[in-house]
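This report describes the fold of a single protein chain and then turns to selected local features. The sequence and structure are shown first.

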Amino acid sequence: MTTLTAAGIEPLFRLLGRYMPLEEEDRAALMALETGPICIREGRHDIAREGENPSVVRLLVSGWACRYKDLPDGRRQIVGFFLPGDFCDLNIYILRELDHSIGALTAVRYYEIHPDQFQRVIESRPQLLRALLWHEMVSSGIQREWLLSIGQRSPLERLAHLFVELYYRLSAVGLATGLSFDFPITQNHLAEANGLSLVHLNRTLQEMRREGLIELSDKQLRIGDLDRLKRVAMFNSNYLHFNRK
């Protein structure tokens, strides 16, 4: 068994610190968690499959993953993105079986933590527990916004909203530079997350480029005008609950 490294825990600690101040003892408690060797998955490989028994808590260290559902005929809907610092469903181990799948969109590295050990740590650190609960409420808020996008926002508004959201989430863990961030996922992934055909998605991306809202090349996304992109998306950041200490 090994313990979490400082580099491995940093994205999570930055993220939780956006909700409320944490103490060095909280960091130490997280780093004392014992895990197996860090897990590695290549892109387009599943981390967990629907129907499996969820027996561990997974903490994403690097790369992008997703939560998804698929239909018997092969159609897939991505219903959430996991970024560095995210737990891939913090409380999933209370279920008898997974009701969705988790897939690696890029090469990913993650830790697997036994739930009993995790429970003991958070019970001994009430501030850490509160921050983690806050994070779970934010995850639920993100799901509500995605549902609103699919149901009511136009394709342009959907993509604008998602890009702003990703910018804020990546900034929170130190993975955005200015208005730019790594964007390693494909147009297929974007289409599956936004309920769009590839043709419609590509047409909408071209419109955003022409309007100077974004630049997307070499797996990098740069926001041309954040305020304008937020207006297009009708973006309200209250569901992310950052800086509300």
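## Conventions

Helices (H or I, at least four residues) and strands (E, at least two) are DSSP runs, numbered from the N terminus. With that definition, histidine 241 lies in the segment after helix H8 (226-233).

The model is predicted: local features need pLDDT of at least 70 and side-chain atom pairs count only at pLDDT 80 or more, whereas totals for chains, interfaces and linings use all residues. Residues are numbered from 1 along each chain as its sequence is written, and side-chain values use heavy atoms, with hydrogens and water left out.

## Overall architecture

The chain contains eight helices and 13 strands. Along its principal axes, the C-alpha trace spans about 50 × 45 × 30 Å. The radius of gyration (taken over C-alpha atoms) is 18 Å, which agrees with the value near 18 Å for a compact globule of 245 residues; the globule rule is 2.2 Å times the number of residues to the power 0.38.

Contact means heavy atoms within 4.5 Å. Of the contacts between residues at least 6 apart in sequence, 74% join residues at least 24 apart.

## Surface and charge

Buried residues account for 48% of the 245 residues; buried means under 20% relative accessible area, exposed over 50%, and partly exposed in between (1.4 Å probe, protein chains only). The chain exposes about 12,000 Å², of which carbon and sulfur atoms supply 49%. These areas come from the Shrake-Rupley method with a 1.4 Å probe.

There are 30 positive and 31 negative side chains, and the centres of the two sets lie 4 Å apart. Lys and Arg count as positive and Asp and Glu as negative, while His and the chain ends are not counted. Each charge is placed at NZ of Lys, CZ of Arg, CG of Asp or CD of Glu.

## Strand pairing

Strands of a sheet pair through backbone hydrogen bonds, either parallel or antiparallel. Two strands are taken to pair if DSSP finds at least two bridges between them. An open sheet of four strands has the order E10-E11-E13-E12, with antiparallel pairing. Its edge strands are E10 (176-177) and E12, each of which pairs on one side only. Within this sheet, three bridges link strand E11 (residues 180-182) to E13 in the antiparallel sense, and serine 180 has arginine 222 in E13 as its bridge partner.

Strand E6 (residues 65-70) and strand E7 (residues 76-82) also run antiparallel, joined by six bridges. Lysine 69 is bridged to glutamine 77 in E7. E6 and E7 form a hairpin with five residues between them, and glycine 74 in the turn has a positive phi of about 100°.

## Residues with positive phi

Most residues other than glycine have a negative phi. Aspartate 218 has a positive phi, near 50°. This residue is found in the loop between strand E12 (214-217) and strand E13 (220-223), and aspartate 218 is exposed because its relative accessible area is 74%.

Histidine 241 has a positive phi near 55°. With 30% relative accessibility, histidine 241 counts as partly exposed.

## Surroundings of arginine 228

Arginine 228 is found in helix H8 and, at 28% relative accessibility, counts as partly exposed. Leaving aside neighbours within four places in sequence, arginine 228 is in contact with Glu211, Gly212 and Leu213. Threonine 186 is 42 residues from arginine 228 in sequence and 24 Å from it in space, C-alpha to C-alpha.
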